Amino acid sequence: MCEYCGCQAVTAIGELTREHDLVVDLIGDARTAHSAGDVDAMAAIAGRIAAVLGPHTEVEEHGLFPALAGEFPEQVAGLEAEHRRIEAVLGEAADGTPADPGWPLRLLDVLNLLRAHILKEQDGVFPAALASLGTDDWEAVEKVRARSARCCRLRGRLRGRLRACRLRAAEPAAEPAPGRHRHPRPPRRSFDPRPLAASKEPRGGRVSSSAKTCRSAQDCRSAQDQGPGRPGRPAPAVPPRIGGA
Ligand SMILES: [Fe+2]
């Protein structure tokens with residue numbers, strides 16, 4: 001580790017270094033869990049490493065690396081590619097223990113990569129940043145750190161609410177408290193409109209049977225005038241039979 005150049009005295013580098021130290025400890029825990037065959041513990045540790053690396057990587061990629069990319073483009077591109085590889089394997093445990101039996105070995109491989117990656121940053125990137133970055137660059141790094149912290153708090157609150165919602169959805173419905181018992185709503189009465197319609201008189205009074213007959217007769221005469229077709233249409237012409245009986 002870089003302990004002699006003084007870069008850890010810079011606030012931003014000091015925070016990044018503390019996060020590296022925490023991740024190194026967690027890598028040791030993950031290896032211990034693997035030796036014990038405890039994949040669930042490995043998944044939980046992967047989640048904790050991912051939580052530390054989230055804001056850490058953001059500060060590096062959006063604060064530190066842009067200031068170094070002009071002078072060290074290949075190195076910065078290589079470090080960012082390693083970030084993606086590490087995130088991909090850690091992300092497999094984002095929703096719990098992965099079912100893939102190959103995941104524990106993939107995690108160990110990527111944790112070896114992460115350990116070497118941390119050494120590269122501590123012994124190469126951070127001393128180079130101390131030599132290259134100016135006041136404005138460090139202020140930009142601090143702004144990224146502050147923004148990342150706000151985002152992390154927001155994400156943490158959202159995750160907490162989501163977890164609470166899932167727990168409420170999973171637990172059985174609670175019995176109502178004594179004295180606040182809700183009576184079940186009585187079933188609705190079935191409604192059959194037919195008897196009511198039969199007894200209901202039409203508006204304007206009862207229609208006499210003669211009026212019914214009268215209207216019916218008009219309809220009949222109209223239909224007879226127009227022939228056997230539908231009312232309002234002329235009767236279809238019957239074609240003459242040729243040579244018929
Ligand atoms: Fe780092």
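Let's start with a helix pair: the axes of helix H2 (residues 39-69) and helix H3 (residues 73-91) come within 11 Å and cross at roughly 165 degrees. Here axes are lines fitted to C-alpha atoms, for helices over the stretch in contact, with angles running from 0 to 180 degrees between N-to-C directions. That angle makes H2 roughly antiparallel to H3, a label for angles over 145 degrees. Their crossing is left-handed, that is, the near helix is turned anticlockwise from the far one by less than a right angle. On the H2 side, the contact includes Ala46, Ile49 and Phe65, and on the H3 side Val76, His83 and Leu90 are among the residues involved. Two residues are in contact if their C-beta atoms, placed from the backbone, lie within 7 Å.

Please keep in mind that this is a predicted model, in which local features need pLDDT of at least 70 and side-chain atom pairs count only at pLDDT 80 or more, while totals for chains, interfaces and linings use all residues. Residues are numbered from 1 along each chain as its sequence is written.

Stepping back, the protein chain has 7 helices and 0 strands; these are DSSP runs numbered from the N terminus, with helices (H or I) of at least four residues and strands (E) of at least two. Of its 245 residues, 18% count as buried, meaning that 20 or more other C-beta atoms lie within 10 Å of a residue's own, with C-beta atoms placed from the backbone.

The largest nonpolar core has 18 residues, and Ala30, Met42, Ile45, Ala46, Ile49 and Leu107 have the most contacts inside it. Such a core is a set of buried Ala, Val, Leu, Ile, Met, Phe, Trp, Tyr and Cys residues joined through C-beta atoms within 7 Å. Helix H1 (11-35), H2, H3 and helix H4 (103-132) each supply at least two residues of this core, and its largest share, 6 residues, comes from H2. A second, separate core of 13 residues includes Ile13, Leu79, Val125 and Phe126.

Leaving out residues up to four places away in sequence, Ala30 touches Met42, Ile45, Ala46, Leu107 and Leu111. The axes of H1 and H4 come within 10 Å and cross at roughly 160 degrees, and the two helices are therefore roughly antiparallel to each other. This crossing, too, is left-handed. Ala30 takes part in the contact from H1, as do Ile13 and Ile27, while H4 contributes residues including Leu107, Leu111 and Phe126.

Methods
Parallel < 35°, antiparallel > 145°, perpendicular 65-115°, else oblique. Buried ≥ 20, exposed ≤ 12 C-beta atoms within 10 Å, placed from the backbone.
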